[in-house]
Amino acid sequence: MTVTPEHSTLQAARAHGDKDLADLLRTTAARHGVPGAVIAVSHDGHRRTAAFGLANQRTHVEMTPDTLVGVGSLAKVWTSALTLRLVEKGALSLDQPVRLYLPGFTLADREASEQLTIRHLLSHGGGFHGESMSDFGPGDDALGRYVDSLSHVSQLHPPGELFSYCNAGFNLLGHVLATVDGATWEQQVRDHVTLPLKLDGVAVTSDEAMFFRNSVGHTVVADEAHVVIPVQQPQRSCSPTGAKLRMSCLAVLSFCEAYLRPSLSGAASRFLSTESRAAMTRPEVAVPGSTMADHWSLGWALWDCGSARAFGHDGEYSGQSLFVRNLSDHGLSVVLAVNGGRDRAMYEDTVPGLVEELCGVRMPRAPEPPEPLTRLPATKAQRCAGTYRGPHGTFKVSPASEGHGLDIRATSPREAGRPPGAGRPERYAWLRDDTFVAEGKGHGPYRTLSFVGDAGGPARYLHNSRAHARADDDPAG
């Protein structure tokens, strides 16, 4: 869903110099309680970077452009690229079932297990619960053991029916890659991404990260002070989805530059063919009513920006966040890394305005509740009302008493002992069609969600980047 309301943009970026970029970063980081941040920009081959604050509040190590950050789900882009590399070689086929390559693979739903393809996994269309981050040790067998554990994972919707962001699907892809290629996911990253592209400032294991300056995640305690999030050994079983990969913003920018301008480097052309790069930026599936993206390709998230299209990916891991945006028609890449505070609000206040100043393209922004609030038709309220279950827990939806939206009570998976819908209701205002926006902003942009399926009757799914299916015991189902 693309939303581009008028916003006051960031005057510090108008001169486009390093000092202005630093001023911009300093201003927005202070506004959103961010302890440390880096921004890196490449525009038509010209680079600018700025850093602010501390990489680690405990040790007082400063944040710099070459500081390594946990890039989280950006690793999925590399998993996608490695997959398409094997497709190019004829070792994989996008539309063959996963079980062709992993004969013993199964989900709880046996029929879905047989239907699931490589394309479904790349485009987050697998339809199964995908939030497991279970740890199976540091050995080369970690991914295989993780995939074996998916035999108990239930299905949300049939493969290919709709988009539902799925971390587990990329761990499954990582195991397919290791099985077909014979090398571990980590070794394939080294051999086919970092070495040919000559990327410096990349660590695919914790041991490699020790040789660099590193950022850590921070959280806020009651007195508004930042404290370092206790370090946890990231799971090797979740490396292909983003648990271990650490990069500097300069390395991320170099990857984006090679992707946008492969003709400048023969190695970049060998890394991935023109056809595969096109597949990674071509819409494969629509993303229902979410600011996460408008569409998803076989790798990148896609945003519609009027006559232009942006592609990129966000990443979050252990208190650190990364935001990557590219506009190929304008030769522009922007990378923002944040290690605490109101990360999404920081992005909203920094990147869209900077992109608009640099090339005149209006990036989508998170929507806000309409003023005045719009009365929700009774038929629409009845369509949405009910109980939905999925990766983020249970949502009990009912019409708001004033008739302007919905009251939604959420029970997270961590609250399994509580009755469904036991939490306090949160009011969602009607935005448009089947999409709603939270009236309470909290510490970040307003959240959105949509209701999907059966346009003439009760919605089948509540969608907030993950699909939550209407409960079997719901009387409207």
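Modeller: A residue is called buried under 20% relative accessible area, exposed over 50%, and partly exposed in between, with a 1.4 Å probe and protein chains only. The model is predicted, so local features need pLDDT of at least 70, side-chain atom pairs count only at pLDDT 80 or more, and totals for chains, interfaces and linings use all residues. Residues are numbered from 1 along each chain as its sequence is written, and side-chain values use heavy atoms, with hydrogens and water left out.

Rings of Phe, Tyr and Trp (its six-membered ring) pair if their centres lie within 6.5 Å; planes under 30 degrees apart are stacked, over 60 edge-to-face, and the rest tilted. The structure holds 13 aromatic pairs. One of them joins Trp 78 and Phe 255 edge-to-face, at 5.6 Å centre to centre with 65 degrees between the planes. Helices (H or I, at least four residues) and strands (E, at least two) are DSSP runs, numbered from the N terminus. This pair links distant parts of the chain, with Trp 78 in helix H2 (residues 75-89) and Phe 255 in helix H9 (residues 249-260), 177 residues apart. Both Trp 78 and Phe 255 are buried.

Phe 436 and Phe 451 also form an edge-to-face pair, 5.7 Å centre to centre, with 90 degrees between the planes. Phe 436 lies in strand S19 (residues 435-438) and Phe 451 in strand S20 (residues 448-452), 15 residues apart. Phe 436 counts as buried because its relative accessibility is 0%. Phe 451 is buried too, with a relative accessible area of 2%.

Trp 78 and Phe 255 belong to one aromatic cluster with Tyr 259, Phe 271, Trp 300 and Phe 311.
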